[in-house]
Amino acid sequence: MGVVIIDGSTVRAFVGNEEQFKKSVDERFAALDVNGDGVLSRSELRKAFESMRLIETHFGVDVATPPQELTRLYDSIFERFDGDGSGAVDREEFRSEMRKIMLAIADGLGSCPIQMALEDDDPSFLKRAADLEAGKLGEAKS
């Protein structure tokens, strides 16, 4: 486990590094594409968001959300990702929405640094952003 400090510029640099961002997002997409058909179904994307527990918790505290409301929320997320309305999310749609999400996180952080405790093998995009920045800092010292 390690502690990283990031701010909006860290996240923006990660998104701005086309090679690293594309690689990271494509790896996540492949992991979520359980059946390997090259697109994410509604259930595959829902499972991904359920595993993050973003909606079912409030600052780490479980909240009781009615199942119908959860379904509505997950459906709206899917519709946002499914830009062409095809009923599936392709790699480009996923990459586009993840870019928007990460830039929104960067805007939210602004120049205020936050400290995060992350597992060394954490696959999150924020961990990858911190690793990218740490690599740049290491190169600058060399």
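Why does Glu50 count as partly exposed? Its relative accessibility is 32%, so Glu50 counts as partly exposed. The cut-offs are these: buried means under 20% relative accessible area, exposed means over 50%, and partly exposed is in between, with a 1.4 Å probe and protein chains only.

The legends below describe a predicted model, in which local features need pLDDT of at least 70, side-chain atom pairs count only at pLDDT 80 or more, and totals for chains, interfaces and linings use all residues. Residues are numbered from 1 along each chain as its sequence is written, and side-chain values use heavy atoms, with hydrogens and water left out.

**View 1. The whole chain has six helices and six strands.**
Helices (H or I, at least four residues) and strands (E, at least two) are DSSP runs, numbered from the N terminus. Along the sequence, the order is β-α-α-β-α-β-β-α-β-α-β-α. The chain has 142 residues, and 32% of them are buried. Contact means heavy atoms within 4.5 Å. Take the contacts with a separation of 6 or more: residues 24 or more positions apart account for 69% of them.

**View 2. The largest nonpolar core has 30 residues.**
A nonpolar core is a set of buried Ala, Val, Leu, Ile, Met, Phe, Trp, Tyr and Cys residues joined through side-chain atoms within 4.5 Å. Which residues have the most contacts inside the core? They are Ile6, Phe14, Leu45, Phe94 and Met102. Elements that each supply at least two core residues include the strands β1 (2-6) and β6 (114-118). Among the helices that do so are α1 (8-16), α2 (18-32), α3 (42-52), α4 (67-81), α5 (91-109) and α6 (125-141). In soluble globular proteins, nonpolar side chains tend to be buried together.

**View 3. Ile6 is in contact with residues including Val11 and Leu109.**
Neighbours of Ile6 within four places in sequence are left aside here.

**View 4. Helices α1 and α5 cross at roughly 160 degrees.**
Two packed helices are described by the angle between their axes and the distance between the axes. Axes are lines fitted to C-alpha atoms, for helices over the stretch in contact, and angles run from 0 to 180 degrees between N-to-C directions. The axes of α1 and α5 come within 7 Å and cross at roughly 160 degrees. That makes α1 roughly antiparallel to α5. Angles under 35 degrees count as roughly parallel, over 145 as roughly antiparallel, 65 to 115 as roughly perpendicular and the rest as oblique. The crossing of α1 past α5 is left-handed. A crossing is left-handed if the near helix is turned anticlockwise from the far one by less than a right angle, and right-handed if clockwise. On the α1 side, Gly8, Val11, Arg12, Phe14 and Val15 take part. They meet Arg99, Met102, Leu103, Ile105, Ala106, Asp107 and Leu109 in α5.

**View 5. Leu103 lies in helix α5.**
Leu103 counts as partly exposed, at 26% relative accessibility. Beyond its neighbours within four places in sequence, Leu103 is in contact with Arg12 and Val15. Ser9 is 94 residues from Leu103 along the chain, yet their C-alpha atoms are separated by 9.8 Å.

**View 6. Helices α2 and α5 pack at an angle of about 120 degrees.**
Their axes are 10 Å apart. That makes α2 oblique to α5. The crossing is right-handed. Residues of α2 in the contact include Phe21, Lys22, Val25 and Asp26. Those of α5 include Phe94, Arg95 and Met98.

**View 7. Arg95, in helix α5, is buried.**
Its relative accessible area is 8%. Leaving aside neighbours within four places in sequence, Arg95 is in contact with Phe21, Lys22, Val25 and Asp26.

**View 8. Arg46 and Glu50 are found in helix α3.**
Arg46 counts as partly exposed, at 24% relative accessibility. Beyond its neighbours within four places in sequence, Arg46 is in contact with Leu70, Thr71 and Tyr74. Glu50 and Leu70 are 20 residues apart in sequence and 9.7 Å apart in space, C-alpha to C-alpha.
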